[in-house]
Amino acid sequence: MRRLSQFFNNPPPPAANVGRSDAAVEVVKGGMEFMSVAEDASMHERWQVAMTGRGAADCPIEVLRELVDSGTPLRQRHVLWPRWWGQPKPGIIESLQAEVNAQSAAQIQLDLKRTLPDPCSDEQREALRRVLCAYAASNPSVGYCQGMSYIAAVPLLMAFSEADAFMALNYIVEEVCPDYHGSSLGGYFRDSAVLDALLRALLPDVHAELVNLGIPFDMLATDHLLTVSARSWPLQAVARLWDVVLMEGSPALLASFLALLMTYFPLALQASRNARTQATEVAADVARRFLELSRNGIANDIDKVIKRTRRFITLLLGDRASGGQCGKTAFLENLRSQFADDHAGVAYQKQGTSELCLDDEATTGNSVPRSEKDKESTEDEGYGSWELLVEAQITLEDGSMQLLQVGLTDQPRDVTAKFIEEHGLDQSYNAPLRAWLKKVEMDAEDYPIKVDGDLLQIAEY
């Protein structure tokens, strides 16, 4: 708890300066000026075509997912976000102001200045104070927790009403981040253990490095999980992440952190090695570099991170065909039950040794429905299009071309070992082929990626 308090008491370092688009939207409402959100013409065209003859609220969920993943205009967010976090009761903010306890009110007042920077007006800070006090009064068992202020500030900075900001905070704290913000942080520790198990199964090399260096999740995930990255990311990237998290719930939050690790952790590790960091300082240095890379790079890498997030979401969403508030999917709840414990921190201590249960009993009824095309693809090739990451045509020494596929839950070492065994190849090809596959996957902008490779050239890796 002391570490988290120190974390939130220190203001986030500024993100790298990213130039604004000429099409940036200046939002002004009720005399309050809000931060600008860049919007390009092609995004508006995509939405205009898709919305012809219907509103965003009537759009089929699969179409909506495709649109949201590539960026959402602000005016459509004002339609969709309240659809996902729910409609407020009239007068809810005013009715709760007198009920907040003095301790919560005092802490909220202290946090206002560091949450909203100097350019923000007193009116904006007062709106944020009212929202936070209303939530603390509405949920006295949790009250106010540091980190909530950053969450509530996002909708206010994007011209939503105080009542909408209250509903956003309520949805995120109670549905997307269940039990994260209580005094024991039990849900935060539990989901850290869930992430550790997922990482071990899906990104084993990253997991191995984290365990080897002794880097705990709370050095990397605190900001992302407790503030949904609102504390340190630029608003444009936060809005893109929230598009997906509000739509999909908890699975998207966990999946997006896996996507961040996949994107930035190898770069942080390599940068630390290149700097010849002293052995006793490597863990802290890698963690610092990971946070800096994600904070400064996300504005340019948000498309890649969202695409990777979507791939991981498929493992955690129980019913892909339903929209709305779907944070409590059966499959994710099954994972959480594996690491639930009555004592805060015990589940977290399982990190590094936790294993993911993916047996038939655990996943029955929670598989992701596939389209007929995907079913045919599964029968013919072994993978549905939604779970295929890499499809490589490899030219062997004899000139023949052989197909090598990597699925979402496959481990590269198992794929390469099987490929080498099936085609009677020399074991010396194992390591370079595995390294080549990892590079192909890391460099991918979209999935599945189709690529050609020559085994003799790959052997030079």
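Guide: Welcome! A residue is called buried if its relative accessible area is under 20%, exposed if that area is over 50%, and partly exposed in between, using a 1.4 Å probe and protein chains only. You are looking at a predicted model, where local features need pLDDT of at least 70, side-chain atom pairs count only at pLDDT 80 or more, and totals for chains, interfaces and linings use all residues. Residues are numbered from 1 along each chain as its sequence is written, and side-chain values use heavy atoms, with hydrogens and water left out.

Visitor: Why is Ser 229 called buried?

Guide: Ser 229 has a relative accessible area of 2%. The cut-off is under 20%, so Ser 229 counts as buried.

Visitor: Where is Ser 229, and what is its phi?

Guide: Ser 229 sits in the loop between α12 (222-227) and α13 (235-248). Helices here are DSSP runs of H or I with at least four residues, strands are runs of E with at least two, and both are numbered from the N terminus. The phi of Ser 229 is positive, about 65°, although Ser 229 is not a glycine.

Visitor: What makes Leu 185 buried?

Guide: Its relative accessibility is 3%, so Leu 185 counts as buried. Leu 185 belongs to the loop between α9 (162-176) and α10 (186-202). Its phi is near 55°, a positive value in a residue other than glycine.

Visitor: How do you know that Ala 56 is buried, and which residues does Ala 56 touch?

Guide: Ala 56 has a relative accessible area of 4%, so it is buried. Its place is the loop between α2 (41-50) and α3 (61-69). Leaving aside residues up to four places away in sequence, Ala 56 touches Trp 47, Met 51, Leu 64, Gln 76, Val 79, Leu 80 and Arg 83. Such a contact means heavy atoms within 4.5 Å. Ala 56 and Arg 77 are 21 residues apart along the chain, and their C-alpha atoms are separated by 9.2 Å.

Visitor: Why is Leu 74 called buried?

Guide: Leu 74, in helix α4 (residues 74-85), has a relative accessible area of 8%, so it is buried. Leu 74 and Glu 39 are 35 residues apart in sequence and 8.3 Å apart in space, C-alpha to C-alpha.

Visitor: Why is α7 called oblique to α9?

Guide: The axes of helix α7 (residues 122-138) and α9 cross at roughly 45° and come within 9 Å. Axes are lines fitted to C-alpha atoms, for helices over the stretch in contact, with angles from 0 to 180 degrees between N-to-C directions. Angles under 35 degrees count as roughly parallel, over 145 as roughly antiparallel, 65 to 115 as roughly perpendicular and the rest as oblique. The roughly 45° crossing therefore makes α7 oblique to α9. Residues in the contact include Ala 127, Arg 130 and Val 131 of α7 and Ala 165, Phe 166 and Leu 169 of α9. By class, the contact of α7 with α9 has nine nonpolar, two polar and three charged residues. Here Ala, Val, Leu, Ile, Met, Phe, Trp, Tyr, Cys and Pro count as nonpolar, Asp, Glu, Lys and Arg as charged, and the others, Gly among them, as polar.

Visitor: What makes α13 and α15 roughly parallel?

Guide: The axes of α13 and helix α15 (residues 282-316) cross at roughly 15° and come within 9 Å. The cut-off for roughly parallel is under 35 degrees, so α13 and α15 are roughly parallel to each other. Among the residues making the contact are Leu 241 and Val 244 of α13 and Ile 302 and Ile 306 of α15. The contact of α13 with α15 has eight nonpolar, no polar and four charged residues.

Visitor: How do you know that Ser 104 is buried, and what does Ser 104 touch?

Guide: Ser 104 has a relative accessible area of 9%, so it is buried. Ser 104 lies in helix α6 (residues 102-115). Not counting residues up to four places away in sequence, Ser 104 touches Ala 136, Gly 143 and Tyr 144. The axes of α6 and α7 are 10 Å apart, at an angle of about 145°. Ser 104 of α6 and Ala 136 of α7 are among the residues making that contact.

Visitor: How many helices and strands does the protein chain have, and what share of its residues is buried?

Guide: The protein chain has 22 helices and five strands. Of its 461 residues, 52% are buried.
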